[in-house]
Amino acid sequence: MRFRRSGLNLTSADKLQIHSRSDVRTRRHIIQTRRGVLTVSQALIEYIPNQIWLNQYPVHFGGMDFYSRMTIIRLSNGSLLLHSPCNIDAQLKRAIDGIGPVAHIVAPGNFHHLHVASAQKRFPEAQTHICPGVEHKQPELDFDWFLGDRPPESWRDDIEQVLVRGTRFIWEVAFFHKPSGTLVLTDLVENIGGRTEGVGWGLKFWFKFVFRMWNKAKPAPEYQMGWKDKRAAARSLERILAWDFVRVVMAHGDLVETNAKAIVRDAWRSPLGFASDEMD
Ligand SMILES: [Fe+2]
């Protein structure tokens, strides 16, 4: 994994301490560097040089504590796409401004839209794209476009996308950043376990003993609680698996950087297996 922070020059020792400790009870992720303590809202990590930046931030949902992740993609025309934005404070805005102009704000799933208004406020020139379903969750939200299977002309050269069908409780559009071979998901794969930072005991219990996904990449529990049409879902998932991705960035959990396609296919074994049985 490559780390480079925008706006700060970190020493090797500093870099080793990134993600070093967290205090989810106070909703603050703390990064200890030689220059002092930074909160996660300042931590914009350059993941793929000049192409992809990441920002993790703590969330509290359903009585559980864990982290979520914003992904920033720089398109080949130099403009930025904010995927699943976190709350954008003034300091983070300055860091993003240092990368490039924000042209697109993307709410990629119907569970990933809460901070879109915050991003719109900081970047009023940007266009907003939402996954179908977000308009019901946030009726007051202004947006420009619905996301679907066809990427808009503005990012067609860089990104492929699939609106995943056949789900019951949760909707999501998957993205493939072609230049870096990166699959960018929200909840279709969660990869949480003993090495994951910021996980509270409640989530650990559910993931370990109920959903059997502790240290095992799987779709979010909301997917596992019921597929509406596994065959339709499988068609969507097979389209994603046809992309030539080598790593996975997801909203929750540890990044997948080796055996990416095999891990994702295994994570989706249930809907994929059901569909292949049906089609035999
Ligand atoms: Fe999520």
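Guide: Strand S4 (residues 45-48) and strand S5 (residues 52-61) pair antiparallel over three bridges. Two strands pair if DSSP finds at least two bridges between them. Strands (E, at least two residues) and helices (H or I, at least four) are DSSP runs, numbered from the N terminus. Trp 53 in S5 is the bridge partner of Glu 46. Three residues lie between the two strands, and in this hairpin Asn 50 takes a positive phi near 65°.

A word on the source. This is a predicted model: local features need pLDDT of at least 70, side-chain atom pairs count only at pLDDT 80 or more, and totals for chains, interfaces and linings use all residues. Residues are numbered from 1 along each chain as its sequence is written.

The protein has nine helices and 14 strands. Of its 280 residues, 42% are buried. Buried means 20 or more other C-beta atoms within 10 Å of the residue's own; 12 or fewer means exposed, anything in between partly exposed, with C-beta atoms placed from the backbone.

The largest nonpolar core has 71 residues. Such a core is a set of buried Ala, Val, Leu, Ile, Met, Phe, Trp, Tyr and Cys residues joined through C-beta atoms within 7 Å. Strand S6 (residues 64-74) gives the largest share, five residues. Among the residues with the most contacts inside the core are Ile 72, Leu 82 and Ala 174. Leaving out residues up to four places away in sequence, Ala 174 touches Gln 161, Val 162, Val 164, Leu 183, Leu 185, Leu 188 and Ile 240. Contact means C-beta atoms, placed from the backbone, within 7 Å.

Last, an open sheet. Four strands form it in the order S11-S12-S13-S14, with mixed pairing. Strands S11 (159-163) and S14 (247-249) are the edges, each pairing on one side only. Neighbouring strands are turned by 20° on average, direction ignored. The axes are lines fitted to C-alpha atoms, for helices over the stretch in contact, and angles run from 0 to 180 degrees between N-to-C directions. Strand S13 (residues 182-184) runs parallel to S14, joined by three bridges. Val 184 stands opposite Val 249 in S14.

Note on methods. Two residues are in contact if their C-beta atoms, placed from the backbone, lie within 7 Å.
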